[in-house]
Amino acid sequence: MFCRNTSRVTHLVASFLLTTTIVAAQQPSGITLAQTVESALQKYPSVRVSQEQINAAAAGITLARTAYLPRVDALTQVNRATRNNLLGMLLPQSVLPNISGPPVGTNNFGTVWGSAVGVLASWEPFDFGLRNANVAIANAARAQSEMSLKKTQFEIAVATTDAYLTLAAAQETVRAAEAGVERADIVLRSTTALVNAQLRPGADSSRAEAELAAARTQLIQAEQAVEVARATVAQFAGIEPEQIAIAAPRLLQLPPDRELSALNPALNPIAAEQNSVILRTQAELRALNRTYFPRFLTQAAAYARGTGALDDGSRLGGVNGLAPNYQNYALGLTVTFPIFDLPAIRARKLEKAAVIRAENARYEQLAVDLRSQWNRAVANLKGGRQIAANTPIQVRAARNATAQATARYEAGLGTIDQVADAQRLLTQAEIDDALARLGVWRGLLGVASAAGDIQPFIAEVSQ
């Protein structure tokens, strides 16, 4: 009976070792990478923030264009006040009420009714390009907001894709850890049978049990990593974690090796947004160049006033003065020129020019950083492909070593330590093999991220 049990156990071990390669298993129905990224772009709050900033910038353009419209102000007033007046002049101020009419030579505190109604229309026929420059600033602000939205969408798409790949890697680690647990369980059962037959010491059974416990701990840690990765994907996609099941069979295959296009940092949304900042600042400088000019206003005014006071000092009783009974109108041209604003304008122009230089330097730094990111991504991709070509050799060798160690142990020529070491080596090799393929995909993501366009990558993964 012992021979039959030993033969059966050996057959189970051999059969299992021949079928434990991690393959592109049939994925359950789930969400693709393209669907995950699309959900993130629709639901992630920071995208909506950028969209509303565009709406605010569009309203700013409309506001800037209203400067071309004429201005019309209307006034109506009724009061009861004294009518004492005096000769002399007051400098412009906003405290003392205005009064008109000749002085009457007396100081009389009697009050009379007064009323006024009027309309003033003003329009600036030409402005030496100032209003157009302000509209250009508003347009540049909207363009900057649009670039900020594209940058935000790009960053969210990259982060979501990276989280998706992390979840795929964690799931592959779970599959390898599950295979390790199954192998450790078979060895424990085989060792227990040998110990019960008094062909191996009891310590072997304890060692096999310890290895099974260690394999289960590794599996628990891998499952924990899956749940953490799933929560991260859910954060971006706006979906409950338990509803997320990825569907990406392409990630279990090596992507085809193709020639990479040359890097153009200007195409990256991060660099494009910085360039829009430069353009907006330049527009502000051009507007400053249009401020030290005279301002011409064509004006038309019509008004009527009513008063209960007469020029001889007497007062009209009743409701006299409540209704306007004297009318005037005027047409004219007003020219204003801020003579002493030139030093302040020059200082603001120097400040704006310094800001432009700083933003240009920041753009150059971004270009350098993107070039460095590209070079690192290309190096990671090249190394990842080399690793992915080597890990299948590692898996085959580890599988053979495990089979040999198990057979030697069954024949009484080896130790349980050799079997345990071989099994741990095989589990790690299977994990390395699965992660090597995902490492190549992650390298491609790094290259696409540096280039500024990950849509082709998303489409390829989602096939």
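Reader: Quick one to start: are arginine 183 and glutamate 430 buried or exposed?
Author: Both of them are buried. This is a predicted model, so everything here is computed from it.

Reader: And what do their side chains do with each other?
Author: Arginine 183 and glutamate 430 meet in a salt bridge, at 3.1 Å from N to O. Arginine 183 sits in helix α4 and glutamate 430 in helix α8, so the pair links parts of the chain that are 247 residues apart.

Reader: Which residue does aspartate 162 pair with?
Author: Aspartate 162 forms a salt bridge with arginine 442, 2.4 Å from N to O. Here too, distant parts of the chain are linked: aspartate 162 is in α4, arginine 442 is in α8, and 280 residues separate them.

Reader: Is glutamate 359 buried or exposed?
Author: Glutamate 359 counts as buried, at 14% relative accessibility, while arginine 362 is partly exposed at 43%. There is also a network elsewhere: salt bridges with shared partners join Arg250, Arg258 and Glu460.

Reader: Switching topic. How many residues are in the largest nonpolar core?
Author: It has 65 residues, and among those with the most contacts inside it are Leu33, Leu167, Ile244 and Phe457. Several helices give two or more residues to this core, including α2, α5, α7 and α9. α4 gives the most, with 19 residues.

Reader: What does leucine 167 touch?
Author: Leaving aside neighbours within four places in sequence, leucine 167 is in contact with Val226, Ala229, Arg230, Val233, Ile244 and Ile246. There's a second, separate core as well, of five residues, including Ala133, Ala140, Ala283 and Ala287.

Reader: How far does α4 reach?
Author: From its first C-alpha to its last, α4 reaches 97 Å over 67 residues, close to the 99 Å expected at 1.5 Å a residue. Just after α4, glutamine 198 takes a positive phi of about 60 degrees.

Reader: And α5, what should its span be?
Author: Its 36 residues should span 52 Å at 1.5 Å a residue, and the end C-alpha atoms are 53 Å apart, which agrees.

Reader: Where is phenylalanine 128?
Author: Phenylalanine 128 is in the loop between β2 and α4. Its phi is positive, about 60 degrees, although it is not a glycine. At 37% relative accessibility, phenylalanine 128 counts as partly exposed.

Reader: Which residues make the nonpolar surface patch?
Author: Val78, Val319 and Leu322 make it, and the patch is about 260 Å². Valine 78 lies in strand β1.

Reader: Last one: what is serine 276 in contact with?
Author: Beyond its neighbours within four places in sequence, serine 276 is in contact with Ala143, Gln144 and Met147. Serine 276 is found in helix α6 and is buried, with a relative accessible area of 5%.

Terms used
Residues are numbered from 1 along each chain as its sequence is written. This is a predicted model: local features need pLDDT of at least 70, side-chain atom pairs count only at pLDDT 80 or more; totals for chains, interfaces and linings use all residues. Side-chain values use heavy atoms; hydrogens and water are left out. Patches are made of residues with over 30% relative accessible area and no salt bridge: like charges are joined within 9 Å, nonpolar side chains (Val, Leu, Ile, Met, Phe, Trp, Tyr) within 5 Å. Accessible areas come from the Shrake-Rupley method with a 1.4 Å probe; for residues, only the protein chains shown count as cover. A salt bridge is a side-chain nitrogen of Lys or Arg within 4 Å of a carboxyl oxygen of Asp or Glu. Helices (H or I, at least four residues) and strands (E, at least two) are DSSP runs, numbered from the N terminus. A nonpolar core is a set of buried Ala, Val, Leu, Ile, Met, Phe, Trp, Tyr and Cys residues joined through side-chain atoms within 4.5 Å. Buried means under 20% relative accessible area, exposed over 50%, partly exposed in between (1.4 Å probe, protein chains only). Contact means heavy atoms within 4.5 Å. The expected span of a helix is 1.5 Å times one less than its number of residues.
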